[in-house]
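Please keep the sequence and the model open while reading.

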Amino acid sequence: MSTPTLVKFEDALTRYQPVMGLEVHVELNTATKMFCGCPTTFGAEPNTQVCPVCLGLPGALPVVNAKAIESAIRIGLALNCQIAEWCRFARKNYFYPDMPKNFQTSQYDEPIAFDGYVDVEVEGETYRIEIERAHMEEDTGKSLHVGGSTGRIHGADYSLLDYNRAGIPLIEIVTKTIEVPGDKAPAVARAYVNHLRDLMVALGVSDARMDQGSLRADVNLSLKPIGATEFGTRSETKNVNSFRSVERAVRYEISRHAGILDAGGTVVQETRHFHESDGTTSAGRPKSDADDYRYFPEPDLAPVAPDPAWVEELRATLPEPPAERRKRLQTEWGFNDLDMRDIVGAGALDLVAETVEAGATPAAAKKWWLGELARTANDQGADVAALTNTPAQGAQVHRLSDAGRTNDKLARQGD
Amino acid sequence: MSDLTRFTAAEIAAALADGSVTSVEVTRRHLDRIAAVEGDVRAFLHVDRHGALATAADVDRRRAAGEPLPELAGVPVAVKDVLTTVDLPTTCGSKMLEGWISPYDATVVSKLKAAGMPILGKTNMDEFAMGSSTEHSAYGPTRNPWDTTRIPGGSGGGSAAAVAAFEAPLAVGTDTGGSIRQPGAVTGTVGVKPTYGGVSRYGLVAMASSLDQAGPVARTVLDAALLHEVMGGHDPRDSTSLDMPVPPVVEAARRGDVSGLRIGVISELGGEGFQPGVRRCFEEGLEMLARAGAEIVEVSCPSFVHGIAAYYLVMPSEVSSNLAKFDAMRYGLRVAPEGVDDPSAEQVMAASRDAGFGDEVKRRIILGTYALSSGYYDAYYGSAQKVRTLIARDFEAAFEQVDVLASPTSPTVAWSLGEKLDDPLSMYAQDVATIPANLAGVPGISVPVGLSEGLPVGFQFLAPAMADDRLYNAGAALERLVTERDGRPFAAQAPELEVTR
């Protein structure tokens, strides 16, 4: 495969306006799966959390997990969405070995939540991201392709299938097209995914761990010449496993698309895989609008018609919206805007808050989490939140430092 | 002692209760009968002599110990091979599932077991319940006990033939477009498709989820009601199961009183395409009912003429999706494609599906895949769903005027084996009178009403959803009138099968 010609990011933006669309899958943390009573514990022995329903055995039938519906509605409300008074599941039909029924029970033209928005902050500016829909679906199993160089099904000697994940409830959150100043696009994409993570954690509906796949982002991107109204052809980058990768994937795709367009070429509509190692993407499978999943309403499930009174009860359980919480914490901590931006930008808000709660002073907590830890995280390409240190440990180290029994440098060596 | 296989289920239950026979005796007699006539009838795919006798012995022991038992405890039953069982294979009449044993019992099967009913075996069927003759079984056709050169109907020809041939007093069938009622009609047995959602579908290997419904097959209306009561009721494992009590079907079957009952004859069903002999029997049935005090009126259901067209879009659409799971990855037949070294998963799926499915199944998968395709969805699946709504409205309007609707169950008597095998459209047309009930989710019963050319003719009643008891009331009345006219039970008129032992 030829190496794509890349145009420098800044140069690309002089000629093209990026248009993004983000699809985020959130794995719910319900105790049981979407349509059966199997447990959802992460990391169990392969094929030990399965039953006739999630294995798609002949004759088995799905029953909706009420807790998943509740989580879906709370997510929808937190995204300022309308909640459907009546909606159905639909079958998305395609063959793949890790999908037990060879159709995915999902939602199609009747999502549980639609028409919402969230506001995200980048460098002090607020950007409104419009949400098209949030719908419910079941996860697939996991394939492990053994042999071959790519780790993909093509070229593999054999594949192992683990159905523990099959049937775990997912919420797919789809944005409308996002057009922000091109130089801000990568950061806005990252801030949006980060915001969703914070929201999911605050709602308590998901572990929202990108490294474990409980929050997964697909980045759709196209370019159009500045001033043009018609959208260009998009690519859909999958396998973006950290907030930083979201940002890098957007940057890379802008450079790649610009290279193709500058040379008079056409962008291929396809899925692409993001590579953490070098921040590039490579071609996956061709994808067209004509992909025919033969959706039709799922006849094995009754329609979902949430009682409006219940929806209002759920609205009352929503946590403080992240933006308001940030303002409140800033006041409580006595930080200036720049301090807060640093913390939020590093994805360390919750960690600092919890460390303060565990007994540290705000200034020390900030210093601790934004110091060498953040640099280490950056080196490893991971997010601060994904590191193994806990806020309690942070607070402990802080107290020891205060007591003069250790210092920051020693504490870091001890990690 | 007279022949226990000639007893009705109600008579067997009474004899068991008063201690004049044991379940082991009854069950053994039926197993012996199966051994004697199966060579001709071929109703069963699997016979479970050991399991059935073990259940029977257990029930006898519990009865002897004075334990209170369900009414049908100890009465043997046959189960269509489309319902999952942990102790017997479940093949659905397909090579795809040859030898497959389910790790779980269908809810209906669990209920039979809980009721203490020995399961004699699993009955033959058209592959994945697709067909009207049982000739589409991958394991060869079942023969009609009334004439073994003829088809026993389908897809549940095995269950109907087993009951008609006195191999079982009761059987469980499933009805997606008529697969209980049409075999009932052509084998002179009683078959009921309950209200959609009245009987759990959990463990019923789906053909078309929105149409499938399990129901009883018996030689009398009362027997069907007794089995219906065992099978029916809410199941939390089936989201489409109705959370309502089973209608009072047994009481209705014991009543059998049509005086003052308004019976609507569906003007769209019974004319063109219906054999004269079938029409004659149906009309005679109406006359007897009228003499017994029923009020007969004609009712028009104009959308019913589109029923077959709508059915043959909705059903295959669901089939195309429901049967996608048979891909050789986790269970069932796996075939390596010929001439391919190191085949891909996709190639194995394709080769296995090619080898494992018969022509009729493939035909419906292709039809349904096409009907759901983007660009065709609205014209085919979408339009069919609209017709479905219109048919449901026709039923609603009709049931404002009458208590039950009536028609011949099937346009013809049993045809000869092989006669329609190469003519799928003619086979599909056999479902014209039974399909509307599936599309609208309402219940239906077929009751034997007479003979044409020496072969049974079925009379169908249809009732509003959850008014299954009306079927049993009307059906029992008609049954009594027919028995009085003939001077003996209908089933007793079947010619003797040659006993090969």
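Helices (H or I, at least four residues) and strands (E, at least two residues) are DSSP runs, numbered from the N terminus. The model is predicted: local features need pLDDT of at least 70, side-chain atom pairs count only at pLDDT 80 or more, and totals for chains, interfaces and linings use all residues. Residues are numbered from 1 along each chain as its sequence is written, while chains are lettered from A and ligands numbered from 1 in the order in which they are written.

**Chain A overall**

- Chain A has 12 helices and 14 strands.
- Chain A has 415 residues, of which 44% are buried; a residue is buried if 20 or more other C-beta atoms lie within 10 Å of its own, exposed if 12 or fewer, and partly exposed in between, with C-beta atoms placed from the backbone.
- Two residues are in contact if their C-beta atoms, placed from the backbone, lie within 7 Å.
- Counting contacts in chain A between residues at least 6 apart in sequence, 70% join residues at least 24 apart.

**Contact between chains A and B**

- Chain B contributes 34 residues to the contact and chain A contributes 25 residues.
- On the side of chain B that touches chain A, at least two residues each come from α10 (307-322) and α11 (345-356) of chain B.
- The most is given by α10(B), with three residues.
- This side of chain B consists of 14 nonpolar, 13 polar and seven charged residues, where Ala, Val, Leu, Ile, Met, Phe, Trp, Tyr, Cys and Pro count as nonpolar, Asp, Glu, Lys and Arg as charged, and the others, Gly among them, as polar.

**Domains of chain A**

- Chain A is assigned domain 1 (9-315) and domain 2 (322-413); such bounds come from an automatic or database domain assignment.
- The contact between them takes 15 residues from domain 1 of chain A and 11 residues from domain 2 of chain A.
- On the side of domain 1 that touches domain 2, β5 (113-122), α3 (185-203) and α4 (243-262) of chain A each supply at least two residues.
- Here α3(A) gives the most, with six residues.
- By class, this side of domain 1 has four nonpolar, four polar and seven charged residues.

**Strand pairing in chain A**

- Two strands pair if DSSP finds at least two bridges between them.
- The strands β4-β3-β14 of chain A, in that order, form an open sheet of three strands with antiparallel pairing.
- Its edge strands, each pairing on one side only, are β4 (103-106) and β14 (296-297) of chain A.
- Four bridges link β3 (residues 90-93) of chain A to β4(A) in the antiparallel sense, and Lys92(A) has Gln104(A) in β4(A) as its bridge partner.
- Strand β2 (residues 82-83) of chain A pairs with β5(A) in the antiparallel sense over two bridges; Gln82(A) has Phe114(A) in β5(A) as its bridge partner.
- β5(A) also pairs with β6 (residues 125-138) of chain A, antiparallel over nine bridges, with Val122(A) opposite Glu125(A) in β6(A).
- The hairpin of β5(A) and β6(A) has two residues between the strands, and Glu123(A) there takes a positive phi near 50°.

**Helix α16 of chain B**

- Helix α16 (residues 468-486) of chain B has 19 residues and should span 27 Å at 1.5 Å a residue, which agrees with the 27 Å between its end C-alpha atoms; the expected span is 1.5 Å times one less than the number of residues.
- Of the 19 residues of α16(B), 14 are buried, and the helix is mostly covered.
- Gly487(B), which follows α16(B), has a positive phi near 80°.

**Backbone exceptions in chain B**

- Most residues other than glycine have a negative phi, and most peptide bonds are trans.
- Gly154(B) and Ser155(B) are joined by a cis peptide bond with omega about 5°; Ser155(B) lies in the loop between β3 (119-123) and α5 (157-164) of chain B.
- Phe166(B) has a positive phi near 60° and sits in the loop between α5 and β4 (170-174) of chain B.
- Is Phe166(B) buried or exposed? Phe166(B) counts as buried because 24 other C-beta atoms lie within 10 Å.
- Glu453(B) has a positive phi near 55° and is placed in the loop between β10 (444-452) and β11 (455-462) of chain B.
- Glu453(B) counts as exposed because 11 other C-beta atoms lie within 10 Å.
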